[in-house]
Amino acid sequence: MAKHETPLLDQLETGPWPSFVTDIKKQAETKPECWDILGILELSYKDRITHWKHGGIVGVFGYGGGIVGRYADVPEQFPGVEHFHTIRVAQPASKYYSTDNLRQLMALWEKHGSGMTNFHGSTGDIILLGTRTENLEPFFWDLTHDMGQDLGGSGSNLRTPANCLGLSRCEWSCYDTEEVCHHLTIHYQDEIHRPAFPYKFKFKFSGCPNDCVAAIARSDVSVIGTWKDEIKIDQAAVKEYVAGNYPANGGAHSGRDWGPFDLQKEVIDLCPTECMWLEGDELKIDDTECTRCMHCINVMPRALRPGDEKGATILVGAKAPILDGAQFSTLLVPFMKIEKENDFEELIDFIEKIWDYWMEEGKNRERVGETMQRVGLPNFIKIMELEPIPQMIKEPRSNPYVFWKEEEVEGGFDRDIDEFRARHQA
Amino acid sequence: MGYNPEKPMEGRISDLGPPHYEQFHPPVIKANKGKWLYHEIIQPGILMHKSETGDEVYSVRVGCARLVSVEYIREVCEIADKHCDGFLRFTTRNNIEFMVDSKDKVQPLLDTLATYGNGTKYPVGGTGAGLTNIVHTQGWVHCHTPATDASGVVKAVMDELFDYFGSHTLPAQVRVALACCLNMCGAVHASDIAILGVHRKPPMIDHKRITGVCELPLAIASCPLGAVKPTKVEVEGKEIKSVKVTVERCMFCGNCYTMCPAMPMADPEGDGIAILVGGKVSNRISQPKFSKMVIPFLPNTPPRWPETVQAVKKILETYAEGANKYERLGDWAERIGWEKFFEKCDIPFTEKSIDDYRLAYDTWRTSTQFKYTSHIK
């Protein structure tokens, strides 16, 4: 593969942000097909349109996911990227790596692929970007045999679950996100690799309501840490914040003079439920009014901590706009213990109850959030065998159109028109 | 050894899943999991977490292009071997975190990072009330449905906003995301500023190919507005079953092309970028909210997309000037009112920002409360 002229892409080699163009050029010195990546991308920059064909079903034996087929629409010009399939490799929970592990994976990719990657894809997998069909099985053999690693999900299946780093390096996590993420990923290998769903399905695990993996926006089952009891207050530390000895919000605003820290203005007045006040110099919280938004804890991490009775709120049905518009997940279970001791049985039961229904009733390419909209939340709650509670809604309905069931109405629906007319002339 | 194409199923291993996370924890992480007391950002890009054991971990956060080479990852590994006992991690927003277990190890790490490229190959930042890395999709480098590129637009925007990555001068964190088409692999729909690739021309129909590559009922069902209908056409003297598109109904979502390769949409003039703002994921203070479309179209102008870069910069800096401490972009826009948002950001308001899709009525103003702005003549 010859080097191509890339006058447009070359302009992305200047400026302070790391340049992917410079990086691809460097890789091309040892992987010449990278010149063709630059060549075809330059052509797209010139033509202002993609040069990748639609689809192409490729994979490894026995799996229906994990590899995305891709072919160039100008293969004669750029033979090095004629086939440019993507391999999704399941990432370890929290995305910690040893350099040994990464080096081994990079050696495999140098051997079997283009040498370009994404760290990471939007769902969380390691993306190995661009290889030929005949390389897929040899790569998969080496990945499984030499590294003991595996592909992630693609297509209408369970996508590789993802989590925030949780207890491993965060003081706010209300459950062990990486343990449950890993456990469920292993538990559901079949569902990840062999598409049997109406459409994609995602789990994401965030340790607290800050939701650092965007579970509420991006996952069909969003598991977001929360707590039941009181926020723990260290009054001495509160005083240190007030005195300016501890940086508010962990120093997040250090680049600008916002004036001295003002507990009333910055914490108490911004509390969405107005459940905080000062008595003398003691900070008080009415925890029964608290909705656990995390603001006060974020501002004073040394003084305030989530309570001790910890678990997660389970919400269902988030998705991006295609097709009926974007949806956030809807709260179904306000508090669930997320415990390794029983292998996360309660969560697994909950997930499988959704699948049992959605796999039967979901339409082709219908996310479960759309199924919920179609059948209505009252029906979906029944399917999930949950009691309706006001925490599931923002506000009660404002229209009177209730789907009353016959058994709910005294005397049922069966009435005699003749008997009615005997008493009411038409 | 290795794969034997003669006997593909022999010795096959499958369903291993990812490796267990614990083997990749740096020692200080493994020793202190679940014991962290609090954290501080000691300078932009450097987090210090304190454990109840007295241990500390310093995490140096570094921006990464996401589209990176084997050689780049090896270089990252060299840095981690030299300073971090051979461990590192990636964040959800495609940053790299190098972790060391004492403060005196931070400066040597920073010194090493500064030796690469022109000193900013490993930019330190992405914390606190600043701009962190832009999460993004594939764009023209790999995808078959994009309406714009991804990596190039991100590079252009981050070059311009670079100082905000390494500083804490904004009212709150600002999350920028890019998705190169409406499929939104990048899930940009809940970002402070979303850069979204959009199409504006209806699909062409490749009648010559449609029979072989497309299941017509799926293509017809793919359209949320019923714009794709069955029809019969003549191809090389033969009548075949195909589809037609009622153009007035097309909202350019591209779902038909996803289902049917014979309905390509992309176009140099038709495609471009929309800007949506004010979304958030966190439950902090206010509830999660969707991003709202404020600029319906900017042209694709590679290699540096100046219109998009300037639009994002103007919105970011107007927000930075006007918002209160802790106030996210969407909360600021709601407080001042969207009419003020358009005025302050110098964004022309058009009917394209008025929703006419499902649930549109929820976004119409049904109140006498408004502000007088230049929009009222």
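# Close-up views

View 1. A disulfide is a covalent bond between the sulfur atoms of two cysteines; here one is counted when a pair of cysteine sulfur atoms lies within 2.5 Å. A:Cys208 counts as buried, with 8% relative accessibility (buried is under 20% relative accessible area, exposed is over 50% and partly exposed is in between, with a 1.4 Å probe and protein chains only).

A word on the model: it is predicted, with local features needing pLDDT of at least 70 and side-chain atom pairs counting only at pLDDT 80 or more, while totals for chains, interfaces and linings use all residues. Residues are numbered from 1 along each chain as its sequence is written, chains are lettered from A and ligands numbered from 1 in the order in which they are written, and side-chain values use heavy atoms, leaving out hydrogens and water.

**View 2. A salt bridge between B:Lys289 and B:Asp331.** Their closest N and O atoms are 2.5 Å apart (a salt bridge is a side-chain nitrogen of Lys or Arg within 4 Å of a carboxyl oxygen of Asp or Glu). B:Lys289 sits in the loop between β11 (272-277) and β12 (292-299) of chain B and B:Asp331 in helix α10 (residues 329-336) of chain B, so the pair ties together parts that are 42 residues apart in sequence. Helices (H or I, at least four residues) and strands (E, at least two) are DSSP runs, numbered from the N terminus. Both ends are tucked away: B:Lys289 is buried at 9% relative accessibility, and B:Asp331 is buried at 14%.

**View 3. B:Glu339 meets B:Arg365.** This salt bridge spans 2.9 Å from N to O. It links distant parts of the chain, with B:Glu339 in helix α11 (residues 338-344) of chain B and B:Arg365 in the segment after α11, 26 residues apart. B:Glu339 counts as buried at 14% relative accessibility, whereas B:Arg365 is partly exposed at 48%. Elsewhere, salt bridges with shared partners join A:Arg169, B:Arg61, B:Arg89 and B:Glu97 into one network. Over all chains, the count comes to 45 salt bridges.

**View 4. Inside the largest nonpolar core.** A nonpolar core is a set of buried Ala, Val, Leu, Ile, Met, Phe, Trp, Tyr and Cys residues joined through side-chain atoms within 4.5 Å. This one has 119 residues, and B:Phe98, B:Ile275, B:Ile315 and B:Phe341 touch the most other members. Helix α3 (residues 33-47) of chain A gives the most to this core, with eight residues. Leaving aside neighbours within four places in sequence, B:Phe341 has contacts that include B:Val277, B:Ile315 and B:Trp332 (contact means heavy atoms within 4.5 Å).

**View 5. An open sheet in chain B.** Its four strands run in the order β7-β8-β11-β12, with mixed pairing (two strands pair if DSSP finds at least two bridges between them). The edge strands, β7 (176-179) and β12, each pair on one side only. Strand β8 (residues 193-198) runs antiparallel to β11, joined by six bridges. In one of these strands, β11, B:Gly272 is the bridge partner of B:Val198.
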